[in-house]
Amino acid sequence: MNDIRSYFGPGHGACPGCGFPIAVKITLETLEGKAFVVNSTGCLEIVSSMYGRNVWAVPYIHSLFENAGAVAGGIDAALKALGRKNEGHVVVFAGDGATADIGIGTLSGMFDRNHDVLYICYDNEAYQNTGNQQSGLTPPGASTTTTPVGDLLPGKMGRKKDMIGIAVAHGIPYVASASIAFPNDLRRKVKRAIEFEGAKYLHVHAPCVTGWGIDGKLTVEVARLAVETGLYPLVEYENGRLVRVMKLKKRKPVEEYLKIQRRFRHLFKHPLGEKIIKELQQIADENVKRYGLEDEG
Amino acid sequence: MDYNICFAGAAGDGIKEAGVITAKIFSKLGYHSFIYQEYQSLIRGGHNASIVRVSDKKVRTHRYYYDLLICLEDYIYKIHERRVKGEVIYDAKFQCKGLAVPMTEFVREEHEPLIFRNAVAIGVLAFLFGIDFEIVKKTFFDEYRDKAEADIILARDGFEYAKDNFEKIDEVEKIGEEREVYSGNEAVAIGMLKAGLKNYYAYPMTPTSPILHFLVKRDDVIALQAESEISAIMMAIGSAYAGNKAATASSGGGFALMTESISLAGMAEIPIMVVLGQRSAPSTGMATYTAQEDLYFALNPAHGEFPLIVASPFSIEDAFLLSATLLNLSWKYQTPSILLSEKHLLESYETVEFSDIRNEEIEIVRESKGIFKRYEITDSGVSPYAVPPAIVKANSNEHDEFGITTDKAEIAEKMYAKRMRKEEMIEREVRNLEPYFIYGRGEETIVTWGSNFGAVAEVADELGFKVIVIRFLRPLIIPNIKDNSICVECNYKGLLARIIEKEKGILLKKILRWDGRPFTPDELKERIKN
């Protein structure tokens, strides 16, 4: 594998400025290509295993939509039985819909059996390849094709599912959140994760240029603002204990994150927009308290 | 007048929208139209095409050869070159044969993204066909309202450029009142609403997602996105149990997840309707291409015997009619129904006139003294329908008349037979609901089902065939068909043909394709002649 310059690409079909290829490349580089990749149906699958081309330079299985956890568990069990654990890490790449909605059952089973699997959810906060439908990880107020803005509703109602909390509650050895805006932090977390035997969950925030309505040049900036406003906290749990968080030196108001995305633009005019913005600010404030994101005093 | 116009470009070029706007421009002048949308499962790049057929006569299909190609990317020209039998309009940013239009330049001048090249192209097209620009302007406005401005400015740029540089192809005049253009998915949604749909649940999957997109914007129905297809159908079952007409939709993969629930609906006698939009399979297949490969799956989707109604529409107008009919039938007989269609029908557009159909409401009991006799044994097999707060026990286990679980042989024998008796009533009713449709006259017959009818009917008109299109597939009522007739389907084995052969003891000539593309009249004619 040493002569392969890139483990992912060139030639993937993601939009210019798409967030998740950064996460995939960093992960595979950190693992030096020693990965058996399981990939759920979703944007990543569409842009990397397309007509006439597959851009993965590692073993790759597309596992349909809801089954990545189970398929990865099966690969892990086989490698164990065959005494071939040293050949590579079992790594899942799944989107937010595959992870938090349709695939949460098989994910939970994989966690529960504590398979030696690194599960990475790239979170672009909606079903982007089928036409920007909301998922359980779409934040409140976002406009999607299935939560359209109308006179009554200002986009998605309800909260973004707490996948970190759900993963931690399974008692697996390593759970962390990361962002494509902080590549060094992501790299370190992948490295740290594979030091643990058992199930590892890494949740990576990755903006979608078309679904979120942002300029392709601003992907990293938007992802950074999600962290800097406290809406998307970067945290790390080992054996159920919160061990590290990324501290926020000067926290920004959520409006700074919202105003540069088309999916939130209506919040600044809709009669219920102000209420939703307050709600989002409250979520950020709660995150700060819950994870201790700001130094006291 | 009959033109076949193709817009071709990459994903993100607004090809689909250009096709719809063009059809709507012609429909404003009273013309009939049909649009075939072909696209790849891609985020960007690749190849999208929208083939718009417009005519002064009713059209139900696109044609293979183009009278006009509007090409927005150089590498895409090669794919379509052999189908061009007329003019080509292309973006002057690349070299091609035909009429160069500086689309990219116009869009840049207006500081708009490249997706707006489609508006320039529509302006050029309008001039070439001698269409008044006001019609173009009005069509954009009706479609995009306050967001139409940039499209109108760029369409005018195209229109003026064409006026200065090109000759007209035709002078298209208004021939009648404006016609309405709907997609198959929209027709299904409207049909279900007509029959009283109150709750709709779905999980994203091509080709039926647009039904959900359409329904979430309405305030006369609760439409929600579930977290999986299992959830979607079970939410529909929950709503129907609670007394509301409910439905869901998916394609083969998602439908597979629904099958256990369909069996539950059969056992607990809960009326639900499922739209199964077929696409190329097995598994993910070619996710955005059409097929008719799931016929046997739809006829036998789940474990056990229970009454099930399956029907397949042969046109967009029929999709409206059958979705309303099936939702009504499900409630009348308290059993699941499946509208079996395909990508080619659901995602295509056509000028339509919807017929009249009403919401057939059944009597619903809403209170009870003690446990309601929900599964009362009746001659017809249909028991009174009751919903909470009446005390209704719905049960996946075999049960007695009160819905209490049983393993007694004599009760099981009677209850099972009661459910199955409904099949006889359903069959009697379906016989009067046009279980098959006969079109045209001829010595020889072509049998088909689903959206193939568009191409088949056109070939039959030309070559003098009679067409039998099967609408209801379960119960299946087949008219007399002569030995050696032709059967046209989009699958490998001739799934419907094999059923007909067994039932009627005849042999059929099978004309089949399974490459994900729908038949065009041109291709079908060749196949029939050879």
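A salt bridge is a side-chain nitrogen of Lys or Arg within 4 Å of a carboxyl oxygen of Asp or Glu. The model is predicted, and by this rule 56 salt bridges are counted over all chains.

One of them joins the side chains of Glu125(A) and Lys160(A), with an N to O distance of 2.8 Å. Both residues lie in the loop between strand E6 (117-123) and helix H6 (163-169) of chain A, so the pair ties together parts that are 35 residues apart in sequence. Glu125(A) has a relative accessibility of 3% and counts as buried because the limit for that class is under 20%. Lys160(A), at 25%, is partly exposed.

A salt bridge also links Asp285(A) to Arg251(A), where the closest N and O atoms are 3.0 Å apart. Asp285(A) belongs to helix H11 (residues 273-291) of chain A, while Arg251(A) sits in the loop between strand E10 (241-245) and helix H10 (254-258) of chain A, so this contact ties together parts that are 34 residues apart in sequence. Asp285(A) is partly exposed, with a relative accessible area of 32%. Arg251(A) is likewise partly exposed, at 26%.

In chain B, the side chains of Glu423(B) and Arg474(B) form a salt bridge with an N to O distance of 3.2 Å. Glu423(B) is in helix H14 (residues 409-431) of chain B and Arg474(B) is in strand E20 (residues 472-474) of chain B, so the pair ties together parts that are 51 residues apart in sequence. The relative accessible area of Glu423(B) is 30%, which makes this residue partly exposed.

Salt bridges can also share partners: in this way Asp185(A), Arg188(A), Lys189(A), Arg192(A), Glu195(A), Glu236(A), Glu238(A) and Arg244(A) are joined into one network.

Strand E20 of chain B is part of an open sheet of seven strands with mixed pairing, in the order E9-E8-E10-E11-E13-E12-E20. Strand E9 (222-225) and E20 of chain B are at the edges and have a single partner strand each, so one side of each has no neighbour in the sheet. On average, neighbouring strands of this sheet are turned by 20° against each other, direction ignored.

E20(B) pairs with strand E12 (residues 309-311) of chain B in the antiparallel sense, over two bridges. Phe472(B) in E20(B) is the bridge partner of Ala311(B).

## Domains of chain B

The domain assignment divides chain B into domain 1 (2-178), domain 2 (182-352), domain 3 (364-419) and domain 4 (436-529). Between domain 1 of chain B and domain 3 of chain B, the C-alpha centres are 58 Å apart.

Conventions
Residues are numbered from 1 along each chain as its sequence is written. Chains are lettered from A and ligands numbered from 1 in the order in which they are written. This is a predicted model: local features need pLDDT of at least 70, side-chain atom pairs count only at pLDDT 80 or more; totals for chains, interfaces and linings use all residues. Side-chain values use heavy atoms; hydrogens and water are left out. Helices (H or I, at least four residues) and strands (E, at least two) are DSSP runs, numbered from the N terminus. Buried means under 20% relative accessible area, exposed over 50%, partly exposed in between (1.4 Å probe, protein chains only). Domain bounds come from an automatic or database domain assignment. Two strands pair if DSSP finds at least two bridges between them. Axes are lines fitted to C-alpha atoms, for helices over the stretch in contact, and angles run from 0 to 180 degrees between N-to-C directions.
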